[in-house]
Amino acid sequence: MANTRTKAQPPPTVYISESDFDALDRLVGDLPGSGPAGLLQAEMDRAEVLPEAEMPKGVVGLHRWVHFRDGQGNDVRRVQLVLPRDADIDAGRISVLSYVGAGLLGLTEGETIEWPSPSGGSRPLTIIMVEDRDPIAELAH
């Protein structure tokens with residue numbers, strides 16, 4: 001008799017640039033290891049940390065605009081992933097220390113991750129598109 005149980009898919013690979021990793025490591029260093037900070041730390045622990053020049057195309061990083069689907073619906077959201085001090089939900093800038101922000105970090109276009117929600121459930125986050133970096137805007141950070 002065949003085993004009909006399905007095995008959970010392993011989470012997709014997370015890529016983080018060395019500069020983003022350094023900024024995030026300083027950010028989560030003294031925070032409690034629970035909630036979004038704990039989730040972010042877990043993603044950093046399993047990430048492939050690469051020099052900027054070796055980062056694959058289409059990876060969600062700090063200060064990048066990303067189009068993604070949150071949940072099973074067809075609605076696509078566009079947000080910029082930022083440090084907490086730069087977060088402004090009305091302007092579309094979400095903190096990497098939010099549930100969604102921690103889940104998006106390091107994913108590549110086309111990937112989906114099953115991610116915890118603040119209510120205790122989970123939902124899929126799917127990366128649709130990551131916009132090219134804007135070097136002039138990044139100089140401001």
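Accessible areas here come from the Shrake-Rupley method with a 1.4 Å probe. On that basis the accessible surface of the protein chain, taken from a predicted model, comes to about 8300 Å², of which 50% belongs to carbon and sulfur atoms. Of the 141 residues of the chain, 40% count as buried.

## Overall fold

The protein chain has 4 helices and 7 strands, and when these elements are read along the sequence they follow the pattern β-α-α-β-β-β-β-α-β-β-α. Among the contacts with a separation of 6 or more, 56% are accounted for by residues 24 or more positions apart.

## Salt bridges

Side chains of opposite charge can pair when their charged atoms come close. With a salt bridge taken as a side-chain nitrogen of Lys or Arg within 4 Å of a carboxyl oxygen of Asp or Glu, the count for this model comes to 6 salt bridges. The table gives some of these pairs.

| Pair | Closest N and O atoms |
|---|---|
| Arg-46 and Glu-43 | 2.9 Å |
| Asp-70 and Arg-123 | 2.8 Å |
| Arg-78 and Glu-131 | 2.6 Å |

The pair of Arg-46 and Glu-43 lies within helix H2 (residues 35–46), where the two residues are 3 residues apart and therefore separated by about one helical turn. Arg-46 counts as partly exposed, at 29% relative accessibility, whereas Glu-43 is buried, with a relative accessible area of 6%.

Asp-70 forms a salt bridge with Arg-123. Because Asp-70 lies in strand E3 (residues 65–70) and Arg-123 in strand E7 (residues 122–130), this pair ties together parts that are 53 residues apart in sequence. Asp-70 counts as partly exposed, with a relative accessibility of 27%, while Arg-123, at 14%, counts as buried.

Arg-78 forms a salt bridge with Glu-131. Here Arg-78 lies in strand E4 (residues 76–82) and Glu-131 in the loop between E7 and helix H4 (135–139), so this pair, too, ties together parts that are 53 residues apart in sequence. Arg-78 counts as partly exposed, its relative accessibility being 41%. Salt bridges that share partners also join Asp-70, Arg-77 and Arg-123 into one network.

## Surroundings of selected residues

Glu-43, whose place is in helix H2, can be described through its contacts as well as through its salt bridge with Arg-46. Leaving aside neighbours within four places in sequence, Glu-43 is in contact with Val-14, Ala-102, Ile-113 and Trp-115.

Val-66 has its place in strand E3, and with a relative accessible area of 0% it is buried. When its neighbours within four places in sequence are left aside, Val-66 is in contact with Val-60, Arg-77, Arg-78, Val-79, Leu-104, Ile-127, Met-129 and Val-130. Among these partners, Arg-78 is the residue that forms a salt bridge with Glu-131, and Arg-77 belongs to the network with Asp-70 and Arg-123. The C-alpha atoms of Val-66 and Leu-105, which are 39 residues apart along the chain, are separated by 10.0 Å.

His-63 is found in the loop between strand E2 (48–50) and E3. Between the C-alpha atoms of His-63 and Val-79, residues 16 apart along the chain, the separation is 9.6 Å.

## Surface patches

On the surface, Glu-18, Asp-22, Asp-25 and Glu-54 gather in a patch of negative charge. Within this group, Glu-18 has its place in helix H1 (residues 18–28). Glu-18 is partly exposed, with a relative accessible area of 41%, and so passes the requirement of over 30% relative accessible area that applies to patch residues.

A nonpolar surface patch of about 230 Å² is made by Val-76, Ile-128 and Met-129. Met-129 is found in strand E7 and is partly exposed, with a relative accessible area of 37%. Met-129 is also one of the residues in contact with Val-66, which is itself buried.

Terms used
Residues numbered from 1 in each chain as written. Predicted model: local features only at pLDDT ≥ 70, side-chain atom pairs only at ≥ 80, totals over all residues. Heavy atoms only, no water. Patch = residues over 30% accessible without salt bridge, like charges linked within 9 Å, V, L, I, M, F, W, Y side chains within 5 Å. Lys, Arg positive; Asp, Glu negative; His and termini not counted. Charge placed at Lys NZ, Arg CZ, Asp CG, Glu CD. Buried < 20%, exposed > 50% of the residue type's maximum accessible area, 1.4 Å probe, protein only. Contact = heavy atoms within 4.5 Å.
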